[in-house]
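Subject: Structure for you to look at

Hello,

Here is the structure we talked about. Please open it first and then read the notes below it.

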Amino acid sequence: MSEVDFECAECTNPVEPFLRSERMPHIWCPGCGIGTTVNCFTRALIDSKANLEKLVVVSGIGCTGRVAGYLKLDSFHTTHGRAIPFATGLKLANPKLTVVVYAGDGDLSAIGGNHLIHAARRNIDLKVICVNNLIYGMTGGQTAPTTPEHATTSTNPYGTFEPGFNLPHLVDAAGAVYVARWTTFHVRQVARSMQEAFKKKGFSFIEIISPCPTLYQRRNKMGDGLDAMKYYKQASKVKNGAPTGEVGLTKTGEIAVGKFVDRDRPDYRELMVHRFHESLGDEYVETGELVCS
Amino acid sequence: MKADPAGVLTGVHFLDGDHACCEGALAAGACFAAGYPITPSTEVVERFAARIPKVGGTFIQMEDELASSIAIQGAVWGGAKAFTVTSGPGFSLMMEHIGYAVMTETPCVFVNVQRGGPSTGLPTLPAQSDMMQARWGSHGDYEVIALCPNSPQECFDLTITAFNLSEKYRVPVMFMMDECVGHMTEKVIIPPAEQIEIEPRRKTHKPHDAYKPYECNGDGSLVPEMAHAGEGYKFHVTGLTHDERGYPAMTVAAQQKLVGRLRDKISKAADDLLLVEQDNTADADVVVVTYGITSRVAQRGIDSARAKGLKVGKLRLKIVWPFPDQLIKKLSQRAKAFVVPELNLGQISREVERAAGGVKTVCVPHAGGGVHRPEDILKAIQEASR
Ligand code: SF4
């Protein structure tokens with residue numbers, strides 16, 4: 001049973017029971033969207049009545065990577081790009097855990113890109129929350145694989161000219177069973193998608209477009225956090241079920257949001273167990289939790 | 001405690017070192033391995049992949065060594081005993097996560113079946129040129145444990161020791177084989193499970209609210225107790241410098257305290273971590289310090305020298321890191337010289353030289369790809385004893 005007192009009388013904020021309040025204040029800048037996603041996450045935990053003892057958050061490195069450290073859950077702040085393979089080992093060792101990978105776009109799709117596609121291909125039962133701020137925040141605003149063309153960054157001071165990654169398309173093609181995108185304007189939808197992902201077995205991917213006022217917005221003269229909300233509100237178009245090849249982002253254009261992929265296929269573990277039963281029959285020793293002595 | 005019989009293939013076998021290493025891991029209770037194919041190490045995980053579904057556990061072939069070396073750590077925090085296996089180029093990629101295992105105190109074993117380098121080097125031929133990398137390869141200051149087997153039997157026996165030490169000290173342990181030992185086939189005796197001693201995980205039994213993941217117990221041990229994910233402790237683990245609660249702590253004091261303890265828990269256990277074979281060292285004029293496959297070639301050189309009446313001793317290192325400084329120092333009071341043959345251009349010989357405090361140390365280098373000629377070692381012994 002969960003130890004969190006959802007009705008915590010002294011708590012002034014419904015999010016408080018989920019946070020390591022002794023670690024506040026957090027490091028995120030004013031207007032940053034990461035905190036909003038954490039709000040949505042805690043909302044999803046409340047609404048889904050998740051068993052918080054069995055829910056683990058794994059982060060990589062970067063502004064979003066700090067999420068793990070603020071959540072009052074078993075949490076692992078791993079190395080840059082490697083949250084997914086760490087989470088893969090964790091999930092395979094203890095299939096009873098709900099394993100959430102909470103990471104940024106650079107972490108997941110640049111240095112961790114190989115792990116992302118292979119985990120999706122294998123259909124490892126992970127819930128990946130990708131906070132996409134279109135830039136490297138922690139290191140000072142360098143170009144990310146997701147930075148849209150023509151944006152200005154500290155490493156492309158004259159504007160980017162590489163095409164940015166369309167992440168829903170990438171993970172869809174690699175085999176993810178659940179793919180959604182929202183912005184930090186869509187707080188209810190984000191929380192709902194997270195709940196759906198908690199229930200879904202297999203590799204789920206939720207991209208949340210999130211403002212980085214300090215580095216991306218400022219350098220691109222896109223205003224502050226509030227201006228980002230206005231842009232998200234005005235430019236977002238719900239396109240549930242849209243072919244992911246058509247949901248790429250541009251610097252100032254439409255932001256296709258919604259649930260793009262929701263399908264079923266056996267996850268890695270199911271396939272593994274099935275294979276061994278087929279091949280080995282009675283010789284197969286099926287294991288649940290790999291608890292060592 | 002005793003080994004779980006499930007993984008122990010008791011009996012007399014004819015195995016190569018790679019396969020014996022796998023059996024050692026299974027006997028030690030490893031139930032999770034992640035790996036990426038690389039010569040000459042792959043047979044270890046090939047055997048594991050075939051054996052583990054019948055023992056109970058999981059093998060996953062990851063997309064690269066970066067992934068393998070962190071997937072095992074996820075598995076450890078999920079409750080498993082876990083290891084990965086590689087050779088030089090893959091070992092280079094794993095350095096990042098050796099550091100992570102050191103910093104987060106994640107018990108796990110890295111097997112490196114050494115081949116010639118640098119870079120792609122000699123994929124199918126032996127070397128011992130990753131010995132310093134095993135010690136210093138990840139960034140930052142730290143201590144690890146490294147073992148060197150010289151036979152398939154030792155690949156079995158010392159793999160168990162590697163797992164036991166990793167659990168005892170909560171440190172990544174490097175198991176430094178080489179292509180020759182990995183591919184040589186010899187008799188391997190696997191004892192019954194009840195004769196195999198296994199170090200249990202340092203699990204915490206504290207109440208949830210009293211547990212701090214990086215707090216020492218107060219019992220003098222510098223190794224904190226461990227919780228697994230999913231037990232309700234809601235603990236945090238980070239590769240950042242952290243305090244006893246596991247929370248990031250970006251101060252000079254926190255860094256000194258943590259990095260100091262990570263060093264001390266190994267360096268202050270030097271006596272427990274001394275594992276050597278000594279042969280006629282007490283009255284030796286020349287001590288041959290050797291490890292891994294080279295020790296078997298050196299034996300011939302030593303025997304020939306003795307036949308010529310030279311007083312030659314042998315010190316074979318089974319645990320190379322931490323380095324047995326005190327023992328070398330002690331031997332240097334009597335010996336006139338040390339001779340260190342190794343399949344590299346001089347790595348462990350420098351350690352011997354450092355610890356020997358001025359006593360002559362002769363390296364017998366070999367760039368790898370084969371083993372020494374015993375006569376070269378004999379020659380070095382003869383020269384050193386003059
Ligand atoms: S740098 Fe950007 S992403 Fe990082 S905390 Fe600040 S606003 Fe958020």
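Two strands count as paired if DSSP finds at least two bridges between them. With that in hand, A:Phe76 stands opposite B:Val237 in β10(B). Please keep in mind that this is a predicted model.

The pairing across the chains

In β10(B), A:His77 has B:Thr238 as its bridge partner. Three bridges in total join β2(A) to β10(B), residues 236-238 of chain B, and the two strands run parallel.

This pairing belongs to an open sheet of nine strands with mixed pairing, in the order β9(A)-β10(A)-β7(A)-β8(A)-β4(A)-β3(A)-β1(A)-β2(A)-β10(B). β9(A) and β10(B) stand at the edges with a single partner strand each, so one side of each has no neighbour in the sheet. On average, neighbouring strands are turned by 20° against each other, direction ignored.

Two helices of chain A go with this sheet. Helix α6(A), residues 167-174, packs on it and touches β4, β7, β8 and β10 of chain A; the direction of α6(A) makes about 170° with that of β7(A). Helix α7(A), residues 187-199, lies across β3, β4, β7, β8 and β10 of chain A and runs at about 165° to β7(A).

The contact between the chains

How many residues of chain A are in contact with chain B? There are 41 of them, in contact with 48 residues of chain B. The elements of chain A that give two or more residues to this side are α2, β2, α3, α5 and α10. The most come from α3(A), which gives eight residues. By class, the side of chain A that touches chain B has 18 nonpolar, 13 polar and 10 charged residues.

Some backbone details

Most residues other than glycine have a negative phi, and most peptide bonds are trans.

- The peptide bond from A:Met24 to A:Pro25 is cis, with omega near 5°; A:Pro25 is in the segment before α1(A).
- The bond from B:Trp321 to B:Pro322 is also a cis peptide bond, with omega near 0°, and B:Pro322 is in the loop between β14 and α10 of chain B.
- B:Glu105, in the loop between α4 and β5 of chain B, has a positive phi near 55°. B:Glu105 counts as buried because it has 21 C-beta neighbours inside 10 Å, and the cut-off is 20 or more.
- B:Arg170, in the loop between α6 and β8 of chain B, has a positive phi of about 50°. B:Arg170 is buried too, with 24 other C-beta atoms within 10 Å.

Regards

Definitions and conventions: Residues are numbered from 1 along each chain as its sequence is written. Chains are lettered from A and ligands numbered from 1 in the order in which they are written. This is a predicted model: local features need pLDDT of at least 70, side-chain atom pairs count only at pLDDT 80 or more; totals for chains, interfaces and linings use all residues. Two residues are in contact if their C-beta atoms, placed from the backbone, lie within 7 Å. Helices (H or I, at least four residues) and strands (E, at least two) are DSSP runs, numbered from the N terminus. Ala, Val, Leu, Ile, Met, Phe, Trp, Tyr, Cys and Pro count as nonpolar, Asp, Glu, Lys and Arg as charged, and the others, Gly among them, as polar. Axes are lines fitted to C-alpha atoms, for helices over the stretch in contact, and angles run from 0 to 180 degrees between N-to-C directions. A residue is buried if 20 or more other C-beta atoms lie within 10 Å of its own, exposed if 12 or fewer, and partly exposed in between; C-beta atoms are placed from the backbone.
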